[in-house]
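Colleague: I'm new to this one, and I'd like a guided tour. Show me the model, and then let's go place by place.

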Amino acid sequence: MNRKKYKNPYNLRNLRYIFRTFAPVMGKGKLAKFADMETYSNVFQYPFSTYEEHPFTMQGKWREQYFKNDNPIVLELGCGKGEYAVELARNYPDKNFIGVDIKGARMWTGATQALNEGLTNVAFLRTNIEIIDRFFAADEVQEIWLTFSDPQMKNPRKRLTSTYFMERYRRFLVDGGLIHLKTDSNFLFTYTTYVVEKNGLPVDFRTEDLYHDERSVLNVEPATLAVQTYYEQMWIARGLNIKYMRWHLPHPAPLKEPDVEIELDDYRSYHRNKRSPKRTSC
Ligand SMILES: C[S@@+](CC[C@H](N)C(=O)[O-])C[C@H]1O[C@@H](n2cnc3c(N)ncnc32)[C@H](O)[C@@H]1O
């Protein structure tokens, strides 16, 4: 009888080989990332769920106590993995950047890069953006970046460009401070355009196709074109145009929410069905 020798692919030698080959490129698990973050000097973790027992004490003192300079502070709200904040920090050593997100395992990537490179002008705040005004004092922040924020098509109050959030930003953004929005979402871009128009907020530049509009080179900082976020790269690979708008947020006058109907983005899953190939949940 011709008996073929059975080869077990999971024998010890094979497993050792697989581990040695792939371990250096395998991602760390969530728990290991959380453990790292606890020890990182550039990470501040204050989620809403624990804020009351553990209030933040550096409000109004970021420059004095953390950055140790008088440079302007720029926030990236919903920074995800944080590489954009890190890349901006590399490009603008005379500004201080703070990436904000609730997802710690994502933020770990940028925080680790910044520590490994010894970048002292970037930090990360893990919290819910709904309470962002508890972390900064009046006039402490000069600019805000909103990068590929979830359009929140169902719930206007959750949109990071809604008047609900902009009222919060005004509590710490300097009078007339800048807000930048980069998005793939026609829905969010149209909505934001209505909010800005309704409230007469001065727009510096607006384009529906950042990378193909010839006005972009003259109207945006080189890094806005050169640096792309994780989600941005994904949307570009799918052939979507990136929309960009930059406007000022003056202090006086209460903001009014526009009453408009906007066509939904058809490529985004409304119900976040896990099996949908178009799922884009954040
Ligand atoms: C679509 S992802 C974009 C991430 C990153 N800006 C990029 O372009 O790669 C949106 C991010 O915003 C964060 N986010 C959304 N709403 C938030 C909130 N209310 N508070 C804190 N983070 C929020 C999510 O956790 C997620 O990481």
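**Loops and helices, one stop at a time**

Modeller: Let's begin with aspartate 94, which sits in the loop between helix 5 and strand 3 (96–101). Helices (H or I, at least four residues) and strands (E, at least two) are DSSP runs, numbered from the N terminus. Residues are numbered from 1 along each chain as its sequence is written. Bear in mind that this is a predicted model, where local features need pLDDT of at least 70 and side-chain atom pairs count only at pLDDT 80 or more, while totals for chains, interfaces and linings use all residues.

Colleague: How many Å separate the C-alpha atoms of aspartate 94 and asparagine 71?

Modeller: Along the chain, these two are 23 residues apart.

Colleague: Zooming out, what share of the protein chain counts as buried?

Modeller: The protein chain has eleven helices and eight strands. Of its 282 residues, the share that counts as buried is 32%.

Colleague: Back to helix 5, then. How do helix 5 and helix 6 lie to each other: roughly parallel or roughly antiparallel?

Modeller: The axes of helix 5 (residues 83–91) and helix 6 (residues 104–117) come within 8 Å and cross at roughly 25°. Axes here are lines fitted to C-alpha atoms, for helices over the stretch in contact, with angles from 0 to 180 degrees between N-to-C directions. Angles under 35 degrees count as roughly parallel, over 145 as roughly antiparallel, 65 to 115 as roughly perpendicular, and the rest as oblique. Helix 5 and helix 6 are therefore roughly parallel.

Colleague: And which residues of helix 6 meet helix 5?

Modeller: Two residues are in contact if their C-beta atoms, placed from the backbone, lie within 7 Å. From helix 5 come Glu83, Ala85, Val86 and Ala89, and they meet Thr109, Gly110, Gln113 and Ala114.

Colleague: Which residues does alanine 105 touch?

Modeller: Alanine 105 is in helix 6. With 16 C-beta neighbours inside 10 Å, alanine 105 counts as partly exposed. Not counting residues up to four places away in sequence, its contacts are Lys30, Lys33 and Phe34.

Colleague: Which residues come nearest the ligand?

Modeller: A residue is near a molecule or strand if its C-beta atom, placed from the backbone, lies within 6 Å of it. There are 19 residues around the ligand, and those that come nearest are Gly78, Gly80, Phe148, Thr229 and Tyr231.

Colleague: Phe148 has turned up there. Is phenylalanine 148 buried or exposed?

Modeller: Phenylalanine 148 is found in the loop between strand 5 and helix 7 (163–170). Most residues other than glycine have a negative phi. Phenylalanine 148 has a positive phi of about 55° although it is not a glycine. With 25 C-beta neighbours inside 10 Å, phenylalanine 148 counts as buried.

Colleague: Which helix gives the largest share of the shell around the ligand?

Modeller: By class, the shell has seven nonpolar, six polar and six charged residues. The largest share, three residues, comes from residues 230–237, that is, helix 11.

Colleague: What do the buried residues of helix 11 pack against?

Modeller: The buried residues of helix 11 are Tyr231, Glu232 and Trp235. Seen down the helix axis, they fall within an arc of 100° (taken from the directions from the axis to the C-beta atoms), so they line one face of helix 11. The face turned away from that buried side carries the exposed residues Gln233 and Ala237. What the buried residues pack against is strand 6 (173–183).

Colleague: One last stop: how far apart are the C-alpha atoms of phenylalanine 187 and leucine 264?

Modeller: Phenylalanine 187 belongs to helix 8 (residues 186–198). Its contacts include Leu264, along with Pro151, Met153, Ile262 and Asp265, not counting residues up to four places away in sequence. Phenylalanine 187 and leucine 264 are 77 residues apart along the chain, yet their C-alpha atoms are separated by 5.8 Å.

Note on methods:
Nonpolar A, V, L, I, M, F, W, Y, C, P; charged D, E, K, R; others polar. Buried ≥ 20, exposed ≤ 12 C-beta atoms within 10 Å, placed from the backbone.
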